[in-house]
Every structure is written in structure tokens, then in C-alpha cells.
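Q: Hi! I'm new to this one, could you walk me through it?
A: Happy to, let's take a look together.

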Amino acid sequence: MSGSLNNIYNNVSYALYLHSVEMARLQEQATTGSRINRPSDDPSCSYRVITLNSQEKSLENYINNLSEATDTLELSSTVIQDIQSAIVETKVLLTQVMGGIYNEENRERLAERINDTLEQVVSLANTKNMGQYLFGGNNTTSAPYLTERTNGEITSVTYQGSLENREIEVAPGIKSSAFQVGYDIFGSDDRSDPVFLGDTGAAAGSGTSSVKGDTWLTVTDDGGGSYDLSIDDGATNVNVAAEVLAGADIANIAVTNASGEVLYVDATNISSTGVDMVSVPGTYNIFDTLISVKDLLRNERELSDAQLRELQDNSLTVLDEINELIVQTEVTVGSKIGFLDNLKESLEKLKYDAEDEATLLQEADIAQIAIDLSRREVLYQMSLSIAGKLMSLSLLDFLG
Amino acid sequence: MDSFGIGISGLNAAQKAFDIIGNNIANAATDGYHRQRLNLTPAYSSQIGPVILGGGVDVAGITRIIDSFLQKEIFLQQSSLEQVSQELAMLRTVENSFGELSAGGGLSTALDDFFNALQDLSAHPTETIWQNQAITSAQILAAKFQTLGQFLTTLESQISLEAENVINQVNALIGKIAELNYNIKRQEISSGQAYNLRDQRDQRISELSKLINVETQSREYGVVDVSTSGIPVVINTSALELEVGLNENLMLGITVANEFNYNTDIQGGRLGALVSLKNDLIAGIQNDLDNLANAMIQQINQYHVQGVGSEGSFTSLTGWVNESVDLSDFSTVAAGYTYIRVTNTSTGAVTRTQIDVNQDAASDTLTEIAGFINGAGVANVTASVNSSNQLTISADTGYKFDFLPAVLPTATTDFAEALPPTVTVSGIYTGTSNDTLTFTVSGDGSVGNDDSLQLIVTDSTGMIATVNIGSGYAVGDEITIGNTGIKIALSIGDLNQTIEDDKFTVQVFGNTDTSGLLSAVGINTFFSGSNAQNIAVCADITANPKRVATALGEDMTDNNNALRIAALRDQAVTALDSLTPGEYYRRLITDIGQQVSVKQSHQKNVEVMVQNLASQQSEISGVNINDEAARMLIFEQMFKAMAKYLSTLQSSLSTIMEII
């Protein structure tokens, strides 16, 4: 027999409970706009959503770092262009000098202008962005270029930055460097055989010299029929006869300086004392070149006009080499910027896709929720109504 | 006269029927009440001559309408329902405490922010603002871990307390059941049925089944024995008290009072849920969370100890308090080595010394290691262990130390020639394990001069590079050795292969703390602690952000350590089932979600089952008001008829008496 009082009560309360629970769930979805408000709502979807959210955050961070790297490279590019302008200007000045229209006083003023250019280039090479030096490689905290001065003028520029790149991760598994190693971009590393410019008769030996840029080879008489060779203005000397006696090949005498640099000299045809400029193509840097040009304008070594002209002509070649180097660097930086821009676009698309997928997975269908909620409300009301009817009427009502 | 007897029996029967019906209606809403029925039988009949006459109606007894098998099934399912409901409620609480997919985010967000901050730091390793950001995000991460760890520990304590509370209720019910058994037995032996008492007793058993699983066994005189998890708790009229507590493995279980033989395999009811939560579900979640925290601590520290921050090398470092000096008590310290570099700050000269750790009896305590450092071991550095077992390493005045894997600037040479070159070494080794690069001279001659002069470079795997140092090599130029990241430069000089194999070696390091000693004792670590509750950023890091170890190179300006620490985001960790930290956490949280979801489904299914069983029971044993009202009508008519019959008999007798 069915219809006991407890039975009716249990069925009604259970039905009401079910409807209430379902309405609460639908209400939560409607309020939050999301069908997944906790992992238990849909565990497999939740895993995907949490993963996508994490991916999105990570991509956003990569994009920010990438943007910063791009900004740094763009600034570097601007600086490099400014340096290139300075090189071009120097070349123009030197060409004018070689046209022979400048007297000594004018050459002195030009030398001062070259010095100003050098100051400008050093300053540009020591540019900072947001507290970080652009051209110090991995060392962004101290100025990469240190100057030595005599009477207020720059006499040498030394690179003291890092020789390592500062690599940062700009995308998962992809690293790029925003901070350049000044030593690499403002100086060549494509050594050729040294070229001897002078009248002493010295020539390049067969060994691989390590001197860079322009080096002055001083040939002096040793008073014993041989010659002393020096590449540091006599601070250290190598005697040709002594070297040969010790077993060295006269066609390949190693002339060293206190810094450990070596110039291999073929001393076979040395016939007179004097100073030769030794030019090593492919090893020049901007700063030493400008210093050389400045020194040539002042002719402190009192070279002859012919020698001076030859050296100035060489300087033009070197300035071309430097200019070529700067252009290549600009291209490298430009292509790096292009690469990073493309990468940024890809990352932004990935981020958008991740965001989109997460939203699609989580988003609640509001229209469907509204329909379901109405339906549940109706069922709830029906349950209450039926309960009222069943529990209020019994046979007792009809007994006399 | 039998006629009157018949009438009176009818009235009697009707009256008893009214009592039963009244009792049923009165208890229509009483939980656990089983409706009763009056059993009537025709009374003893008498024979008068050839005629056999009926004797009216006898009240044979009262029947309690109950399906015992159904009742047992209800106890079982009720028990199951309570267990799953309790487990579900607790797991929901845990899920909510993790706060994933809610506004503000949970540990997942903190993990992401932390690794993002490390990545930002790798792009700006020397800037204070980024160092501070990394530390702040680490502190937030640690706080999240601590909050969750503490919450789970508190929850476990609450579960234990709740279990004690429940067992008290269980004991109270057991006592009551035994008492009711006694009363039922006494009543049924002496004066017949004790159905109301039986209902009360069965209701207690039903309440007990919600607390713990029960098995019942009926005996004579209405007594029911009750046992739970194999323990007989009510035998006849005797009750056995139960206790709840932790066994030697700290697992929650129940035992007979004062016996301490804990049974941890408890199923059913709230107690079953509490035991399952404490021993398995919550313990499992806590274990996973602790694993994750510990892995984060270990992974980050293993790299951090080897690097330096923008502040550079150290003059003094003190580790954390340890419980023991014996290295065998440190689970993360293995037999290995620690390599310490000491720099003369005036001359820049650098030395590196190997410290044996757990290699033998002379290196298996912190005190012995400190002794080695102080003795002939490490020049210009001293070490001590205080009463709290903290290791302190200090440099002498004019010296600093660190644990950088950076190559020493000079190589170990073995040259035979009178004027050999000097070898300078630089770069940052890209390998992950320690090795020795051997540079063997091939050919004879002068560096930079002779065509045949080369260096054959080998490591533990074999030959890795051949480099030209003869004609074409400018002395002083750096040569990068393969993909090692190491660069060498040679000065002018002579080398010889023919007479004696000239060679030099460079020790390279991927790990300067192979023993794990530094991480274990807190020297130059980033995180302290070992689990979710005690993970924290080391105090000396928070006090000085420049101590965040971002660099690995000799000049200490690089970001290589920051890069490799940031890369841990995507590195699978063996201790985390070869998952990355993010993947492991996501698996943890979705496992919790999955458990909640499964429990929800299970609860729904069991609820329906219990509902159906309850309906079934109501149909059999429940009071139907309409049915009782109808029966009341019948017996009312019967009573009226019997009264009329007796009145008719009386009238007949009076007529006979008048005749006489």
C-alpha cells in the first residue's frame, strides 16, 4: 500500500531539495557568467582552463620583455646611426684636408673637431636606457668605454664592458640579446695581413700578428750594424741581430710590446731607420681610428708630406671599413628588431587564442541558463502545490 | 452464556483495534515507527449436540509490519550516504580553500607571477626594483603555500577532534541500544511484545548507521546484536565502548577502549568519512602540496647557492638552524663535493678548493667539514658550527668567497718548452655536470706562427673540438671551444708535441654543490623550509635584494643564473612525477575537482537509492492515514454491531424472563 504520510513527506522534501540545488547552481552560473566556477564543475575542462590562464600570463610577460628588448634595440639603432653620421662627417673632413686646402692652423682646428666627434662617439657608445648601458654586453651597470686623456683630450678609449651578450628569453625556448657588445660592433674582427706604410723597408712577416688597427713600428739603429724594432715607441725593443742569433728567422721577427701584442716583421730589407705605420685591415675600431685621424692631422710624428698623404689615404680606407662595419651592425640590429616584431605578433596571436579558448570553455550560455532556471522554478512550484494537496486531504475529512 | 461471551469478545477486539489504530495514527510522523496490526482469530468453538458453534473472536496478537532485509539494506545505504556526504563536504571545503578559477586566483596565479618575476629579473639582473619584485612574488608564493599547508593541517586536527566527538556519539548510541535490548528482552519474556521499544531500538541503530557502518544479528526475545568494522559492540544486552586515535603510523583508527589496537579500515558513516579523509584524501592532498613546495625549494636553491647577486662575493654567510650536525640526518645531502672560490680582493687572484662531503668518516658531519675548511683545506676562509648547528663561513680580511662555477682565469698547464705561452680562460660553461677539458697540443712550434700547431680538446665524452693556434691565430684572441661556452686565449710562446705531449686542462663546472650541502644547511639559499607550512624566503635575501643570485660568471654581471632559475618553470622534476611545477599543481587541483565531482555523482546515486528504499519501507511499514481511517470505520461498525447484538441478547433474555 502506498501513500503513507512519511512517504509523501520524504518525496516532497527530496524533490524540493533537488530543485533548490539545481536552481542554486544555475543562479551561480548566471551571476558569474561562467559555467566552471571551481575545478569540480568540470575537472577536465578546468585543467585546460587553468593551463590556458597560465599560458596567457606567461605569454603576456614574454610580450612585455620582448617589447622592452625591441625598444632597447631601436634606441641602439638610433645611436648607431648617429655614430655613422659622425664617421661620415669625419670622412668628409679628411677628404677636404687631403684636397690640400688646409694650413696647419686649420688642421689643428680640424683635429679639435675630430676630438669633439670622438667625445660625441664615446658618449653615444656609453648611452644608457632605463639605467642600463646599451653597449656593454652582459655588463649593463658600468659604462663600457673608458677614456684616458692628456690635456683634456682623449688619447685612448678602452672597452671595459662584458664580451658576453645579455641574453633574455623572449619566447618559450627562444633567447635574444638586446644589449650589444660594443667591442664587437664598434670594431672589426676580420684580420688581414698587416700593411707597412713607410720608408724603412720593413714588411710583414709570415707569422700572424696580433696588433690591431694602426701600430707605429719604430726602426732605430742599434749602433752595431743592426736595427732595434719597437711597436710601443721604444718602451720595449727587439734587436734583429740578437733574434737571428737566437734562432729566429730574419724574415719573421716577432716584435712584442708590454701588453703582449706581437707584430711579425720581415726585417730582411730594412734599409733605414724611421717610423712606419703598420695598418692591419679588418681590426679597426671607431675610437682608435678617430684618434689616429686626429693624430695624423696634428702630425706629431713629423712625417713627411708624402708619408702623411699616404697615411691619410689609408685613413680614408679605414673609415670606409668602419662605415661598412656600422652599416652591417645596423642591418643586424634592424633584422633583429624585425625578428622580434614578428615574434611579438606571433606571441600576441597565441595569447589571444589562449584567452579565447579559455573564455569559450568557461563561458556560460546565459539564454540556456534562463530557460533552465524558469523550468526549475515551475517544477519547484508544482512540487509545493502537489505537496499541499496531498498532505491536506485524507479520508478523515469525509468521516462524519 | 456463550452468546454474551461472543459479544464481549467482539467489543474487546474492536476496542483493541481502536488502540492499535490510535497508536498508528499518533506515530504517523514518528521517525522509525513501524505500523502495527491487530491479529484476530476465530475464538474456540463449542459443540452442542450435532451443532458446532463459534465462540466469537480472539485477539491472537499484534504484528509489527517490518521488512528486516529491507531495513538492513537501508542501514547499509544510509551509512554509505553519510560517508560520501561528509567526504564531499570536506573536499568541497578544501577545493574552495585553493580558490582556483575564482577572482584573485590561487596558488596557480602565485606560481605564474613568481616565474614571471624571475624572467623579468633575468632581463634586469642588477636593478633593485626587479630584485624586489622577484622577492615579493616569492614571498606571496610562500604565503600561499603556508596558508594552504596550515589549512590542511588544521583540517586534519579538526577531523581528529570531530572523530572523537563522533565516537562519543557512537558510544552513547551503543549504550542506549544495549539498554533497549535489555528492556525488550525483559518485557518480551514476561509480558509479550515490546514493539514500541523495538522501534526505538531500531531507530538508534539507524542513527548509529549514519555514524559508522553496522551489521545486525537478531536473537530471541527481540534482542539484536550489533557489530561495526568487525568489532561486536552490542552483544545481547552488553555494550562495548570504542575509542578513536592514531596508530604508530599516525593513521586514524578505532579500537575497543583501552586496547590500542587501532583498526584503520573503517567504512561507512561519518566516522568512515573522517577516517578516509584523515588517512587518505586529505593526507594525499597535503603530501602532494608538500612535495610541490619541497621541489620548488630544492630546485631553486640548487641553482641559487652557486650564484651571486649584484652585491658580488661574500665575506660571511650563515646557514639556518639544524636539528643535527650528522649529515646522514639530512635527507637531501648525498656523497659529493662542494667547491668554494676564494678571491684576494687586492690582487684579484682566485683559488678554488674542493670540499669533500659525505665521502668518508672524516667528512660526514658539519663539524668535520668546518674543521676541514679551517685546517689545511681552504686558505683565507674559516668556518664554524654553533650550538644550534648553524654553519658559518667567513673570509679573512682582504678576501671574499663564493661558489660560482666560473672557470678560473688560468689553466693547469703541463708544458715542456722553456718559453711556453700563458693561457687565459674565460666564459661561462654551458654544460650541466662537472668535467675537465683537456687541451692537447698537436704539432710543434710557436703560437701564431707555425701551420701545424693545433689543440685537440677533449672532455669525458671524447673529442669535442680541434682549434688552430698556429698560423692564422693572433695571440691574445679568444677562441670559443665548441658549444661549451668556454674561451681560451694564448700568448706568444712555444709548444711541443713531439718530445713531450704539451697539454693543459681547464676544470669546468655545471654544479659546484654536487653534494647538496649548501642547499641543505641554508648557505646562500633563496628559500628556507622543506614543506608547504614552513617554506619562506630567506631572511638575508629579503633584507638585501642584491643577494638574489642572478650571476654565474667571473665578472658577476651576467644573468645566467637568473635565466636558469626562471627556466625551472618548464623543467620536469623527478620528484614531481616528471612534471613541471605548474603541471603538477594543475594535476593536484584537478584531482581534487575530480574527486569532488565523483563524490557528487556517488552521493546523488546513493541518495536516490536511499530515497527509493525509504519509500519502499514507508509503503510497507509506514502509516497511511486513509488506511487507518478505513480500518477505524470497520471496527467502529463492528463495535456498534456488537453493542446492538448484546442489546438484542439482553432484550431476548428479558422476554424469556417475563414468560417465566
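A: Let's start with Asn389(B), which is found in the loop between strand S14 (381-385) and strand S15 (391-395) of chain B. Helices (H or I, at least four residues) and strands (E, at least two) are DSSP runs, numbered from the N terminus.

Q: Before we go on, what should I know about the model and its numbering?
A: This is a predicted model, where local features need pLDDT of at least 70 and side-chain atom pairs count only at pLDDT 80 or more, while totals for chains, interfaces and linings use all residues. Residues are numbered from 1 along each chain as its sequence is written, chains are lettered from A and ligands numbered from 1 in the order in which they are written, and side-chain values use heavy atoms, with hydrogens and water left out.

Q: Back to Asn389(B): buried or exposed?
A: Asn389(B) is buried, with a relative accessible area of 15%. Buried means under 20% relative accessible area, exposed over 50%, and partly exposed in between (1.4 Å probe, protein chains only).

Q: And what is phi of Asn389(B)?
A: Near 65°, a positive value in a residue other than glycine. Asp233(A), not a glycine either, has a positive phi of about 55°. Asp233(A) sits in the loop between strand S10 (227-230) and strand S11 (238-239) of chain A, and is exposed, at a relative accessible area of 52%.

Q: New topic! Which residues touch the most other members in the largest nonpolar core?
A: Phe98(B) and Phe527(B) do, in a core of 92 residues. Helix H4 (residues 128-190) of chain B gives the largest share of this core, 18 residues. A nonpolar core is a set of buried Ala, Val, Leu, Ile, Met, Phe, Trp, Tyr and Cys residues joined through side-chain atoms within 4.5 Å. Apart from that core lies another, of 55 residues, with Leu73(A) and Val157(A) among them.

Q: What is Phe527(B) in contact with?
A: Leaving aside neighbours within four places in sequence, the contacts of Phe527(B) include Phe114(B), Trp320(B) and Asn301(B). Contact means heavy atoms within 4.5 Å.

Q: Where is Asn301(B)?
A: In helix H6 of chain B. Asn301(B) counts as buried, at 2% relative accessibility. Beyond four places in sequence, Asn301(B) touches Trp320(B), Ser519(B), Thr525(B), Phe526(B) and Phe527(B).

Q: How do H4(B) and H6(B) cross?
A: Their axes come within 10 Å and cross at roughly 165°. Axes are lines fitted to C-alpha atoms, for helices over the stretch in contact, and angles run from 0 to 180 degrees between N-to-C directions. H4(B) and H6(B) are therefore roughly antiparallel to each other. Angles under 35 degrees count as roughly parallel, over 145 as roughly antiparallel, 65 to 115 as roughly perpendicular and the rest as oblique.

Q: Which residue classes are in the contact of H4(B) with H6(B)?
A: That contact has 19 nonpolar, five polar and four charged residues. Ala, Val, Leu, Ile, Met, Phe, Trp, Tyr, Cys and Pro count as nonpolar, Asp, Glu, Lys and Arg as charged, and the others, Gly among them, as polar.

Q: How about H2(A) and H11(B)?
A: The axes of helix H2 (residues 43-98) of chain A and helix H11 (residues 581-621) of chain B come within 9 Å and cross at roughly 155°. That makes H2(A) roughly antiparallel to H11(B). The residues of this contact divide into four nonpolar, seven polar and three charged.
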